[in-house]
Amino acid sequence: MTQDPNGAKSLDDEEARLAEATQARRAFDAARANFETRVSSEPPSEVFDVERREGVNPADTENLQETQPVAEGEAGDGMNGTDSNTELNEELANVQEARIAELTEELARANAAYYNKDQEFANYVRRAKADIPTHRDAGIAEVIEALMSVLDDLDLAEQHGDLVGPFKSVATKLEDTLEARFGVKRFGRPGDLFDPTVHSAIATDESGEGPDTIIHQVAQPGYMFRDRALRPAIVIVGQGKAQAAVPVAEETEGVGNNEGS
C-alpha cells in the first residue's frame, strides 16, 4: 500500500504543534498554581509586614500588583492555546477518519476481488468434474479407433477359418473385455435390418424378396461405443425378412456354450 509522503509530513507537523501547545499549557498551569499558593498561604497584612521588615520598597509592591493584569493576560493567552489545541484535535480526527475510510474502501475492494476469484475457481472445478466423463470417453474412443484394423483382421481370420486354437480364445477374450468393460461392440451381420444411421450401403442386391430392407453382405463391420457409432458398417442391402435381434446376454451365453462344446 503506497502512502502519501506529504500527508504523513503534515500529520507529523500537526502532532508537533499539539505537543508544543500542550507543554506551554502545562508550564502556565504550574506557574499559576505556584503564584496562587503563595498569595493564599498568608494574609495580605502579614505579607506587607514581612515586606516592611525585609526592607521591601512599597513601590515594588505596587509593581507586583501591576503585574497581576499581565498574569490575567497570560491566562487569556492560555485560553487561546486551548482553542488552538481543540482545532488541532479536530483536524487530526478528520485526517484519521479520512484515512480509516480510505482503508475501509480498499479492504472492501480486496474482499470483492477475493470473492470473485473464489467463485471463478469453484466454477472451474465444477466444469472440470463435469468434463471428466467426456474426456474419459474420448480417450477410450481414440484407443478403439487405433485397434479397429486389428479387430478387422481378427474378424476376417475367423470368417476364413484361420482363427483356431489359442488364438481364437485370445481374440474372443479381447472382444468380450472391450464389450464388458468399455461398451465396445462390433455390429453389422447378414440378415440384420438395415439402419441408415449406423449402416452405409454401397450396393443393392436385387435377388432377394421380402418386406424388409436387410443386409445381404458385410464389406466392413462397424463398431459401436456405448450409444455412439465409432464407424458405420459398410454393407450391401436387399429385400428380405429381417432376423430377430439377439440380446447381448444371449450372445455371450451362446459363445460360452460353444467354447464348452
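Predicted model: local features only at pLDDT ≥ 70, side-chain atom pairs only at ≥ 80, totals over all residues.
Asp137 is partly exposed, with a relative accessibility of 22%.

Side chains of opposite charge can pair when their charged atoms come close. With a cut-off of 4 Å between nitrogen and oxygen, the count in this model comes to eight salt bridges.

Asp137 pairs with Arg226 through a salt bridge with an N to O distance of 2.6 Å. Since Arg226 lies in the loop between β4 (222-225) and β5 (228-231) while Asp137 belongs to helix α3, the pair ties together parts that are 89 residues apart in sequence. Arg226 is itself partly exposed, at 43% relative accessibility.

A further salt bridge joins Lys168 and Glu158, whose closest N and O atoms are 3.3 Å apart. Lys168 lies in helix α4 (residues 166-182) and Glu158 in helix α3, so this pair ties together parts that are 10 residues apart in sequence. Salt bridges that share partners also join Asp155, Glu175 and Arg186 into one network.

Within helix α3 (residues 58-159), Glu102 and Arg99 lie three residues apart, about one turn of the helix. Their side chains meet in a salt bridge at 3.1 Å, N to O.

The relative accessibility of the residues in the last two pairs is listed below.

| Residue | Relative accessibility | Class |
|---|---|---|
| Lys168 | 33% | partly exposed |
| Glu158 | 38% | partly exposed |
| Glu102 | 36% | partly exposed |
| Arg99 | 26% | partly exposed |

Methods: Residues numbered from 1 in each chain as written. Heavy atoms only, no water. Helix = DSSP H or I, 4+ residues; strand = E, 2+ residues; numbered from the N terminus. Buried < 20%, exposed > 50% of the residue type's maximum accessible area, 1.4 Å probe, protein only.
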